[in-house]
Amino acid sequence: MVVTLYGSDLSSTTLSVALVMWECNVPYKFVSIDMTKYEHKTPEYKEKQPFGCVPYIDDDGFILFESRAICRYLCRKYADRGGRALFPFDDLRAFARVEQGCSIETTTFDRACLAIFTERVYKQWQGIPGDEELYKQAEAQFSEKLDVYEKILGKQKYMGGDTFTLADLFHIPYASRLKRMSGCDFLESAKWPKVTRWYNEITSRASFQANKDGVKAYSQ
């Protein structure tokens, strides 16, 4: 049975799951949830995802939510299709490096982007003016984080080592939307050439190029 992904193009985490399935050549159906109509808050939806968030998957009756958990699950299930390369769970040290990179994305990159998007994007969606001072603070904090990224990427090609892994893939949704949606172009700045090189490489992958304008179902 084909995996079904329930999510939204407004959701960065929905894109993360889609990218893993494209990278692993996993056919799936995509059911678009209209978050502007609060379809993710209906009782029917919350029977599957009790927090009323997106995405979740239905894998032949197996329901799983939380995007990072879904991505790790898919990598384990489809290890021989590319999942092991994304998530090298058989090699303890390689696994640890990837988990380190994933943790950096969750605790550092994601939080910095969220602060920027809150003031420039999310508040506007709610009809609330963004706070320019908070935005400037968020930009300054993000700049400090990228100084560290520049050092890390000066020692290795990707965030999890020298090959593309989940540690990089998890960065793509927010990274690819920064300039387009918030006006922040730090990832293409001459100040951080190694970050720019990394950003250009991870966003040039076929999986992202196929989904950059909206999540697409995949079939072989």
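This is a predicted model: local features need pLDDT of at least 70, side-chain atom pairs count only at pLDDT 80 or more; totals for chains, interfaces and linings use all residues.
Which strands does helix α3 lie across?

View 1. Side-chain values use heavy atoms, leaving out hydrogens and water. Helix α3 (residues 67-77) lies across β3 and β4, running at about 130° to β4. Helices (H or I, at least four residues) and strands (E, at least two) are DSSP runs, numbered from the N terminus. Axes are lines fitted to C-alpha atoms, for helices over the stretch in contact (heavy atoms within 4.5 Å), and angles run from 0 to 180 degrees between N-to-C directions.

**View 2. Here is the open sheet.** Its 4 strands follow the order β2-β1-β3-β4, with mixed pairing; strands pair if DSSP finds at least two bridges between them. At the edges are β2 (28-32) and β4 (62-65), each pairing on one side only. Strands β3 and β4 run antiparallel, joined by 4 bridges, and Ile-57 has Leu-64 in β4 as its bridge partner.

**View 3. Two tyrosines stack.** The ring centres of Tyr-6 and Tyr-56 are 4.5 Å apart with planes at 10°, so this pair is stacked (rings of Phe, Tyr and Trp, its six-membered ring, pair if centres lie within 6.5 Å; planes under 30 degrees apart count as stacked, over 60 as edge-to-face and the rest as tilted). Tyr-6 belongs to strand β1 (residues 3-7) and Tyr-56 to strand β3 (residues 56-59), so the pair ties together parts 50 residues apart in sequence.

Conventions: Residues are numbered from 1 along each chain as its sequence is written.
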